[in-house]
Structure formats: C-alpha cells, structure tokens
Amino acid sequence: MPLLELRHLSKTFVRRGGPPLRAVDDVSLTVERGECVALVGESGSGKSTLARLALRLIDADAGEVLFDGACLHAVSGNALRQARIKMQPVFQDASTAFNPRRTVRTILRQAAVGDSSEAHLCALLERVELRPALAFLARYPNELSGGQRQRLSIARALATEPSLIIADEPLSGADVSVRAQILDLLADLQAQSGVSYLLITHDILLARAFSHRIAVMHQGRIVERGDTPTVLQAPAHAYTCRLLDAVQSVDGPVGDAPSA
Amino acid sequence: MTQALSAEPLLQVDTLQVTYGPRDRLVHAVRDATLTVQHGESIGIAGESGCGKSTLARALLGLLPERVGRIAGGRIRIAGQDVTGFRETQWTGLRGHPVAMVFQDPLSFLNPVVRAGAQIAESVRQHDPDVAIAPRCRELLDLVKLPETVLRQYPHELSGGMRQRVMLAIALGCRPRLLIADEPTTALDVTTQAEIMALLGSLRSQLAMALLVVSHDLGLLRWHCDRLYVMYAGRTIEWGDTATVIDRPAHPYTRGLIAASRLQRGPGGRFGALRGELPAHEQIVGCPFAPRCGEAHAICRERMPDTTSIAPGHRAKCWQLNSRDASA
Amino acid sequence: MPIARAKALKWPALASIGIIGFLLLLTLIVPQLLSGDPLALTDDILQPPSARHWFGTDDLGRDVLVEIIYGTRVSFLIGCAAALATAVAGTGIGSLGGFFGGITDTVVTRLAEFFQVMPTFILAVVIVALAGPGLLRVAAVIALLSWPQTARVVRGEVLRLSRLDFVDALRCVGITEWRILTFEIIPNAVGPVFALSALIVGNAILLEASLSFLGLSDPSVISWGRLLSAGQRFLFSAWWLSLFPGLAILITVLAFNLLADGLRDMFDPRHTG
C-alpha cells in the first residue's frame with residue numbers, strides 16, 4: 001500500500017473577469033514509503049496547488065487523497081487533524097513560513113506532538129544542525145538567515161515525526177552553497193528515519209540529484225512520469241524535452257543548447 | 001564582434017570600495033573589487049548573497065542610494081573617463097549610453113501605468129533624438145523578438161519573459177556599448193531563462209555590444225560569458241576565462257561553489273563541499289574565507305592574500321596557491 | 001519587538017504623548033488637591049484672567065480653569081470608552097470576515113457599509129434627543145458608527161495574514177481554526193488599530209463637545225462643549241469663557257491626532273527604525 005495516494009484530483013479556480021482556471025486536472029500520483037518523488041514543473045503548472053490538495057489544505061473538486069490507508073476526504077475536523085499529522089509541509093518562502101511574533105521555541109513547541117520538553121526541542125534543532133540549539137530557541141525567525149530559516153522549517157516538519165514531508169521548493173531562497181548543505185540534510189534525514197519526500201520543484205538538477213521517481217507537470221496535468229534516470233536520459237514528452245533543453249548547468253546543458 | 005581589443009578598456013574598475021550607512025554603523029558592501037571589460041566582451045560576476053555583486057553593478061552607474069551609499073575608495077573608468085567622483089547630473093549623461101542596465105524584476109522597474117510602447121519611446125527620445133521614433137520602436141521590438149502588439153500593452157498584461165524583453169528594448173534604445181544585467185533571469189521560469197540568455201547572446205554579436213552579467217547562477221554564466229569574476233565578501237577573489245575558472249578553479253571557495261552548483265554527490269557521498277555561511281560580521285583581518293576554508297593556515301587569518309597569477313589571464317587571491325600550482 | 005519600534009517616534013508624537021500624559025495627570029490629581037468645593041458659586045463674577053483666577057471666572061463666579069480640568073475628565077472618559085468599544089467590536093467583526101470568508105465575509109462587509117454611510121452627527125442627535133443625554137450613550141453611538149473603519153482595516157490585515165504559509169503550517173500540526181485566528185493572526189493584525197483608536201478618541205471628544213454645545217448633554221456634568229455653549233452669550237464681553245475651553249478642545253484633539261500618526265509610524269512595517 002503506498003504511503004500517499006492521490007487519485008484523479010481536480011481543482012478549478014474561479015477567476016473574476018476571465019475563464020475559470022483548471023489548476024489541477026485529473027492528476028493521480030503515489031509516493032511509496034522511503035522514496036522521494038519529484039514533481040517538476042514551472043510556475044502555473046499547478047504543482048503547488050497539488051501539494052495543498054494532498055495536505056487537504058484546500059478541497060478538491062473531484063478525486064481522493066489517501067494517506068497511510070486513510071481517506072482524508074471522509075474525515076474532517078479533529079479526525080482530519082489526527083489523520084494528517086504524519087504528513088508535514090516545508091514551504092518555499094521561509095520568510096512567510098513562520099509567525100513573526102513567535103520565538104523558535106514556541107514555533108517548535110506548537111508542532112511537537114507528545115514531547116514538548118526543552119530537551120526534545122533542542123534535539124530537533126540539533127538534527128537540522130542549528131547550533132547552539134539553546135541560543136536558537138530564544139530567537140525570532142526574522143533574525144535568522146535564509147538558510148537557517150529553511151532548516152527551521154525542516155525542524156518544524158520533523159517535530160511531529162512525519163512519515164511524509166511535502167517540500168515545496170525547499171532550496172529556493174537559500175544561497176548556492178547553502179542549498180547543497182540542505183540537500184545533504186534532507187538526504188541524511190531520509191537515511192536515518194526513512195521519511196518519504198514529495199519534492200515540488202522547478203529545478204531539474206534538484207530532481208536529478210535527489211529523487212527516485214519523477215513526474216513532470218504542465219498546465220495542470222502530469223505529462224510524463226517514471227524513474228528519474230530513465231526520464232531524464234530519454235524524455236518522451238515534448239514538454240519534458242523543452243524543460244531539459246532549458247537547463248543550464250555548470251557542467252553543460254542537460255539537453256541541447258537552447259535558441260532564442 | 002567588429003572591435004578588436006583596443007588599448008583602452010570599455011570599463012575599468014580598480015580596487016573599488018563601496019559602503020552603506022551612517023559613519024558610525026558602516027557596512028562595507030564592496031571591499032576590494034577589480035575588473036576589466038573590453039569592447040564586445042561578455043563578462044560574468046558570480047557570487048552569493050552578501051558578496052557585493054549587485055552593489056558593484058549599481059555603483060558602476062552611480063545608482064547607489066542617495067546619501068546612504070557611497071564610493072569609499074578605488075576608481076571606476078568608463079571608456080577612459082574617470083567617473084568615480086561623478087555627481088548625479090554627470091551620471092545622467094552616461095546612463096543609457098554608453099552604459100545601460102537591466103534589472104532582476106521588470107515588474108518593479110517598469111512604470112505600471114504607462115504602456116510598454118511609450119516607455120520604449122521615451123528611451124529612444126532621450127538618447128536618439130534625431131531618429132523617427134515609431135520605426136525605431138518597431139525595430140527595437142524586432143531585436144528582442146516581441147510582436148508589435150506589445151507596444152499598446154501595459155506591463156501587467158505581459159508575461160515575465162516579455163517584460164524582461166521590454167526592459168531590454170528600453171536599454172537597447174540607448175544604443176549602449178555596454179549592457180549590465182543584474183540577475184536578469186532570476187525571476188523567470190526555467191524555459192524563459194534560457195530564451196532570454198540566448199537573446200542576450202545574439203544581441204551581443206549583432207550589436208557588437210559588451211555584456212556584464214551579475215548572477216548567482218554559475219550554470220548560466222558558464223554558457224554565456226567569456227570571462228568570469230568570482231566575488232566573496234565584497235572582494236573579487238578569482239577571475240579568468242570562464243572555461244578555465246570552472247574547469248580548473250584555484251580558490252577553495254570557487255571550488256566549493258562549483259561543486260555545490262552541480263547538486264551532485266561528491267567523492268564523499270555529500271552534495272555540499274562548503275561548510276557554514278558567510279558570517280554576518282565578517283572578520284576584517286586576513287582572508288574572509290578563512291573561517292570556512294578547509295585549507296586555512298595561520299597566514300590566511302592574518303593577512304588578506306595578494307593576487308597570484310595562475311595562468312595567463314587567470315588570477316586568484318589565496319595564500320595556498322603558491323604551494324600547489326606551478327605559477328608564473 | 002514593538003518596543004524597538006518606539007524609537008522610530010518623532011517629536012510630534014512624543015510631544016503629543018507628553019500633552020496627553022499631562023492632561024491625564026491633571027484630571028487625576030488636581031481634584032484631590034483642591035480643598036472645598038471648587039465649583040462653589042462665588043462673588044467674583046465674570047472676572048478676566050488674573051493672578052488669582054488664571055483663566056478668569058464665569059457668570060456664576062466659578063473658576064474657569066477648574067471647570068476645564070473637570071471637563072478633561074469627561075472628555076477622556078468618553079473618548080476612551082468609545083475607542084475601546086470600537087476597537088473590540090471592529091477587531092472582532094473584521095477578523096471574522098477576513099478569516100472565514102464566504103458568507104461571513106459578505107455579511108460583515110455589507111454591515112460595515114451600512115453603518116459607515118450613516119451620518120454620525122445626525123444619528124447622535126436623534127438618539128440623544130429620543131433616549132436622553134448620557135455620557136456612555138454618546139460613547140455607544142460613536143462606537144456604533146466608527147467600528148466599520150476599524151473592521152475594514154482589521155479584515156484586510158487578517159485576509160493577508162490568512163494566506164501566508166505559516167497558517168497552513170499551523171493547520172498541519174493540528175491547531176484548530178479558532179486558535180489560529182485568536183492567538184496567531186489577530187495579534188499580528190491589530191497594529192493599525194492603535195492608530196485608529198487614537199483618532200477615535202479625538203473624534204469622540206469633538207462629537208461630545210458638539211452635542212453639549214447644542215445642549216444635548218447632561219446639564220449636571222461639566223464638559224468643554226457645555227462651557228463653550230455657556231460662553232456664547234458673553235462672546236465679546238467675556239472672551240475668556242470661550243477661548244480657553246476652545247483651546248482645550250483644540251490641543252487635546254490635535255494631540256490625539258499626532259499620537260495616531262506616531263502609532264501608525266510605529267506599527268507600519270514599511271517604516272524601518
């Protein structure tokens with residue numbers, strides 16, 4: 001049984017003065033335990049909407065979300081909160097990911113399920129390499145650097161001991177050198193605790209670095225999916241080819257050189 | 001490229017220092033930047049946030065915030081003319097021609113209540129008073145590969161890529177000899193980024209224009225720049241031919257940065273080769289990278305390294321180079 | 001964190017705090033210091049300002065300065081009551097609309113519009129004429145008509161804050177919607193309410209003065225408006241009866257307006273320290 005199963009999800013947004021926007025159009029996706037699935041697409045592809053549908057932060061027009069066997073649509077209120085607690089988000093914009101008036105201590109304590117002792121909070125910070133932990137507990141989020149805020153985001157997600165982390169552009173907002181460090185952190189966490197990832201990103205290099213399977217999203221639909229190495233080496237869909245062509249990596253284009 | 005390397009570089013920056021803020025709380029955004037741009041060349045400035053590259057780009061056109069930012073030392077020469085001490089009135093004669101600039105976020109730099117065509121026309125009127133405006137605008141749109149309908153549209157009606165092209169058209173209306181692009185594609189989608197950079201490349205050869213691109217994206221710079229400068233903590237710490245710097249980086253920071261940009265596991269199975277982050281209050285004495293450097297010796301913490309020549313045109317500031325490379 | 005932003009206050013705001021503090025002190029301390037009944041009728045009728053009566057006396061021999069100080073109490077009472085009621089009502093209603101959206105928001109917005117278009121002064125006159133005078137009644141009228149402005153501002157802030165990622169993060173860790181609204185969102189949204197409240201104090205004082213000027217307030221209570229009304233008859237012969245109450249109103253309302261500016265600067269995230 002897959003850890004996360006998205007079945008035929010659809011979501012349409014009503015727009016004033018324009019046609020309705022089909023953000024997500026009949027999308028199905030699974031994430032197995034212990035794996036990392038990358039959902040790759042550009043802005044407007046619907047990937048962030050899909051993440052919110054999976055977390056049931058917004059309600060889908062059609063389709064189901066099953067997490068660890070439980071159908072999230074059949075429950076609401078307290079039952080929903082219980083069912084979804086093992087699925088945690090890490091958001092893109094670390095500057096809006098925290099209540100600016102709360103200290104790190106409060107932020108982590110709110111998230112820590114069961115054990116909200118000082119020792120546990122320090123342990124969480126240690127896991128994401130925010131040291132010295134005690135000093136960080138007293139700080140406010142806007143006193144931290146971009147990389148540190150991203151680590152805090154991850155620490156908060158870890159507080160509930162999740163089995164799935166849905167990370168929306170976890171490396172954006174961090175400097176180049178810090179990105180690699182955070183990627184190491186995510187890899188270590190997976191090795192230690194077997195947490196699964198649904199990685200949402202526009203960065204093919206990130207998907208290549210870190211995912212087992214990849215799904216390419218374009219205008220609300222998944223246009224191609226499969227094992228990451230296979231899809232990247234032999235893309236089938238035209239959009240995937242375009243994406244790969246556009247990537248400019250230090251070593252060379254992942255696809256062919258682009259034209260104007 | 002019609003102009004060969006002439007004796008006088010188009011842009012020459014020597015040991016530039018830029019500071020921000022009141023004198024009791026000075027922030028040294030740029031501590032020691034040296035760079036040269038020849039006519040028709042394409043130069044990249046690479047670095048992370050806090051390295052001073054954007055400040056440097058703005059200083060080149062006198063765009064530092066009034067009263068808060070100032071050039072504290074060094075010299076800038078544009079086409080042989082010393083512009084370091086220029087006042088605002090003197091800068092207006094230089095901006096656009098011979099040096100123009102495009103920025104990261106076109107939405108904030110384009111006037112939202114004026115149509116794109118009018119903004120391009122304004123640039124033409126300013127710098128090319130004798131030419132017929134409407135045909136010249138159409139010519140510029142053609143150069144940036146935009147349809148004529150864009151002339152009548154407002155910035156918010158255009159996509160990110162189209163807005164960036166409009167900004168390019170405005171810049172090109174000034175017939176610049178040097179175009180400075182500060183993070184020109186950061187706000188854009190991946191596919192659009194590639195298109196814009198390719199456009200810049202073709203414009204460069206079409207118009208015999210020099211290009212100075214400031215970016216944190218090494219991958220982008222690798223494919224579009226002849227020469228590369230790497231900045232750290234307000235200093236240019238390594239520079240040379242792009243291919244040389246990327247394939248045979250000399251400075252430990254450059255090596256770590258390139259490895260990190262790849263997002264591939266290194267020999268140790270790790271993605272990241274650089275520890276820590278740029279400290280908020282950098283040490284004033286010695287090499288600024290020493291706290292993070294795996295090869296730091298005592299001398300690195302005591303004195304700022306001199307410039308070592310590694311190969312013709314390839315230089316870096318690191319004490320450890322003499323022991324490693326056979327240099328001239 | 002707001003304490004750090006207090007350093008951003010410029011001199012007009014600081015001056016206004018000084019003035020208000022001084023007036024507050026006056027109302028609390030001076031009545032205790034004066035012996036006897038300072039409002040007793042004396043024989044010093046219509047005396048111009050002198051060393052003995054700094055602001056002169058009125059037609060019943062009462063010291064004008066003393067009357068003004070008593071009037072300060074009334075003004076503060078009505079101002080603060082109105083501001084408090086407005087702040088509570090406006091914040092509560094506005095945040096409900098901004099957070100829950102949908103029907104709730106529609107109801108809130110329409111209600112706010114309805115109350116906002118009603119002419120304050122006329123309504124106040126009507127209510128007082130029908131229900132009789134009374135300080136708290138007047139305060140209630142002001143709150144009833146001022147809450148929409150506060151509600152709008154709070155609704156906007158809450159709307160913006162509700163869309164931020166941290167709210168979703170809190171939902172995912174199991175915090176209920178009501179807790180999120182009350183403890184996480186509203187504290188971040190109330191910044192502008194302080195500035196608005198200061199303005200409302202000023203408005204309340206003006207409204208009360210207008211009502212009592214027209215004789216619609218409690219005759220047994222001394223207020224600045226009533227003093228102005230009484231001084232009308234002697235406008236040219238005993239100018240001090242009109243000037244000093246008028247100045248009191250002017251300075252106090254101005255002080256609260258400047259305070260409002262200062263509070264706005266303090267809480268406005270665009271103003272860095």
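**Chat about a predicted model**

Author: Strands here are DSSP runs (E, at least two residues; helices are H or I, at least four), numbered from the N terminus. This is a predicted model, where local features need pLDDT of at least 70, side-chain atom pairs count only at pLDDT 80 or more, and totals for chains, interfaces and linings use all residues. Residues are numbered from 1 along each chain as its sequence is written, while chains are lettered from A and ligands numbered from 1 in the order in which they are written.

Reader: Thanks! Do β3 and β9 of chain A run parallel or antiparallel?

Author: Parallel, with four bridges joining β3 (36-40) to β9 (213-218) in chain A. Two strands pair if DSSP finds at least two bridges between them.

Reader: And what's the strand order of that open sheet?

Author: In chain A the order is β6-β7-β8-β3-β9-β10, with mixed pairing.

Reader: Nice. Why is one side of β6 and of β10 in chain A left without a neighbour in the sheet?

Author: Because β6 and β10 (221-227) of chain A stand at the edges, each with a single partner strand.

Reader: Switching topic: how many residues does the contact take from chains A and C?

Author: Chain A gives 19 residues and chain C gives 15, where contact means C-beta atoms, placed from the backbone, within 7 Å. On the chain A side, α2 (77-84), β6 (87-90) and α3 (104-111) each give two or more residues.

Reader: Last one: how is chain B divided?

Author: Into domain 1 (11-231) and domain 2 (251-324), with bounds from an automatic or database domain assignment. Their centres, taken over C-alpha atoms, are 29 Å apart.

Notes
Two residues are in contact if their C-beta atoms, placed from the backbone, lie within 7 Å.
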